[in-house]
Amino acid sequence: MAFSFREIAVLSQELGISLDALLTQSTLDTTTQNLLMIENLHEQTDISLLAEFANLMKKVTEKGYSEGGELTNILPLPVYINYESLTRFYIFKWRYQSFSNTKIPVHYKDIVITDKIREITAFNLKVAHNISYTHYIFDHSLFAYIIQDIKYSRNIGLMTPEDVGRLKEDLLHVIDDLEQLCETGTFQNTGNKVNVYISSVNFDTSYWYIQSEELYIAVIKIFILNGIVAKDIHSFEKIKEWVLSLKRHSTLISESSEKERILYLNKQRELINRL
């Protein structure tokens, strides 16, 4: 979902985040808030901004024990990044949302993953796996949203049947990966703890935070690749509090609730197989 400036202002007011501080900061090298705005993945300035944010995350994980939480209605990067068709899908969705007012439509086949993007996303994946404890809270309709987007894109001619077939195959692989993640409750390559929750309520946008004993960052995602980055303690605590509050309305499916986990994952497989 792409937010207007008015909607961003409402979010900031609800969470107690200063838009004045946000709009007067031009880089991530600050202690308040920033608008992380990516406009062109082929521009060096935007590539540098993504790399800067990735390095900021890395600094947090290097400060001893670290914790991360994500309240999300899209797949978290560590869950899908090994599948290029899904990486292309989210870039395609970002471009479609960001440039929908242009006369030239964005086609899925036109999305190219550059070596630099692969490098940054691989770096992000490594950083995510190095977080000591991570919890994901999924909107219970997350996969339904993906299926809906894919069907819509196919129906208006922006995806071919072959594109949809590849996405279907990789989404089924993601479900298998998610099942393994939930069974072990850890990232396989690092052994770091992961909890996965399924929320019983829907949410319109995604929130994310990461912290160590000394550093903390929180993000309100306002586009697929963009967001409000909060680095002051007040904004961070507000966003973290909101993420954690949704646990009360969620079911833990990692290392527990085996029946609920099996039912949920099988339901997602059924949805995907209908593509």
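## How two helices cross

A crossing is left-handed if the near helix is turned anticlockwise from the far one by less than a right angle, and right-handed if clockwise. In this predicted model, α5 passes α8 in a left-handed crossing. Helix α5 covers residues 84-98 and helix α8 residues 161-184, both being DSSP runs (H or I, at least four residues) numbered from the N terminus.

Their axes lie 8 Å apart at an angle of about 110 degrees; axes are lines fitted to C-alpha atoms over the stretch in contact, with angles running from 0 to 180 degrees between N-to-C directions. That makes α5 roughly perpendicular to α8 (65 to 115 degrees). On the α5 side, S85, L86 and F89 make the contact, meeting R166, L167, D170, L171 and V174 of α8 (heavy atoms within 4.5 Å).

## Aromatic rings

Let's turn to the rings. The model has nine aromatic pairs, counted when ring centres of Phe, Tyr or Trp (its six-membered ring) lie within 6.5 Å. One of them joins Y207 and W242: with centres 6.2 Å apart and planes at 70 degrees, the pair is edge-to-face (over 60 degrees). Y207 belongs to strand β5 and W242 to helix α9, 35 residues apart.

F92, Y96, Y108 and Y152 form one aromatic cluster. Over the ring of Y108 sits the charged end of R88, 4.3 Å from the ring centre (the cut-offs are CZ of Arg within 6 Å of the centre and within 35 degrees of the ring normal).

## Reading notes

Residues are numbered from 1 along each chain as its sequence is written. Local features need pLDDT of at least 70 and side-chain atom pairs 80 or more, while totals for chains, interfaces and linings use all residues, and side-chain values use heavy atoms, leaving out hydrogens and water.

Terms used. Rings of Phe, Tyr and Trp (its six-membered ring) pair if their centres lie within 6.5 Å; planes under 30 degrees apart count as stacked, over 60 as edge-to-face and the rest as tilted. Helices (H or I, at least four residues) and strands (E, at least two) are DSSP runs, numbered from the N terminus. Angles under 35 degrees count as roughly parallel, over 145 as roughly antiparallel, 65 to 115 as roughly perpendicular and the rest as oblique.
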